[in-house]
Amino acid sequence: MTQDQLLGLDESHLILVGRGPHRLTAATAAAFNDMQVAAAHQGHNLQAASSWRGFERQLAIWNGKWRGERPLLDAHNQPLDALQLTETERLHAILRWSALPGTSRHHWGTDLDIYDPDCLPTGTRLALEPWEYEEGGWFRDLSVWLEEHMNDFGFFLPFAKPLGGSGVAVEPWHISFALESADQQLDPEALALCLQQADIEGKACVLAHLDEILARYVTASHTERRIR
């Protein structure tokens, strides 16, 4: 992929998944479709909750959390008041659950968040929190099926468990198509320039901690997370 595609600035490499609105690379979409068919034969309605997300969308999420306009959770899924945190504390709190714009795997078109809408109780809003995929959660059966079969279709969980020095939370809903995502390399200088030009909240703090962010939340979260 080009650096603009990795940064979420270029969507020319994507196609619609089915009738939309989700978009992925052609290879990822084809593999996901095959996996959906296999899941359906086992009684699971495997669907995308989120797929490609551009830089501007990720920026809106980041700015909303920084300003306290969007929910912010701690490591135990408990609410935090963003405005009561220092800028550095706020930075790390956001990065636990949401990627810095320009570094999200959702920019690539190879990653998507999944769920089974048939298992979501009527009137209940999808939260995309770990408990929904754990024992007793709405999507536990789907999660077990994915653990057993997703590798057969080329997918893996990049955030299955904390590894090394990564500060990213576990995300049992986030799957990635390894054949296209495993070896992507983001240019730190291109990222820094993109952020310098962006209207991002906490810009000075972000840029001052950029090397640490890349090491802890980007590089560490990609290392060793390969399909087996």
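Among contacts between residues at least 6 apart in sequence, what percentage join residues at least 24 apart? In this predicted model, the figure for the protein chain is 67%.

Start with the overall build. The protein chain has 9 helices and 6 strands. Its C-alpha atoms fill a box of roughly 50 × 40 × 35 Å along the principal axes. A compact globule of 228 residues would have a radius of gyration near 17 Å, and the protein chain agrees, at 17 Å. Buried residues account for 50% of the 228. The accessible surface comes to about 11,200 Å². Carbon and sulfur atoms contribute 49% of that surface.

Now go inside. In soluble globular proteins, nonpolar side chains tend to be buried together. Here the largest nonpolar core holds 28 residues. Within this core, Trp62, Leu91, Leu100 and Leu195 touch the most other members. Several helices build it. Helix 3 (55-66), helix 4 (87-97), helix 7 (188-197), helix 8 (203-208) and helix 9 (210-222) each supply at least two residues. Helix 9 gives the largest share, 5 residues.

Leu91 shows how these pieces meet. Setting aside residues up to four places away in sequence, Leu91 touches Trp62, Trp66, Cys205, Val206, His209 and Ile213.

The buried residues of helix 2 are Thr28, Ala29, Ala31, Phe32, Met35, Gln36 and Ala39. Seen down the helix axis, the buried residues fall within an arc of 165°, so they line one face of helix 2. After helix 2 comes Gly43, with a positive phi near 85°.

Finish at a loop residue. Ser51 sits between strand 3 (47-50) and helix 3. Is Ser51 buried or exposed? Ser51 counts as buried because its relative accessibility is 3%, and the cut-off for buried is under 20%. Which residues does Ser51 contact, leaving aside neighbours within four places in sequence? They are His22, Arg23, Leu24, His106, Asp111 and Leu112.

Key. Residues numbered from 1 in each chain as written. Predicted model: local features only at pLDDT ≥ 70, side-chain atom pairs only at ≥ 80, totals over all residues. Heavy atoms only, no water. Core = buried A, V, L, I, M, F, W, Y, C linked by side-chain atoms within 4.5 Å. Buried < 20%, exposed > 50% of the residue type's maximum accessible area, 1.4 Å probe, protein only. Helix = DSSP H or I, 4+ residues; strand = E, 2+ residues; numbered from the N terminus. Contact = heavy atoms within 4.5 Å. Arc of directions from axis to C-beta. Rg over C-alpha atoms; globule rule 2.2 N^0.38 Å. Areas by Shrake-Rupley, 256 points an atom, 1.4 Å probe, with all protein chains shown as cover.
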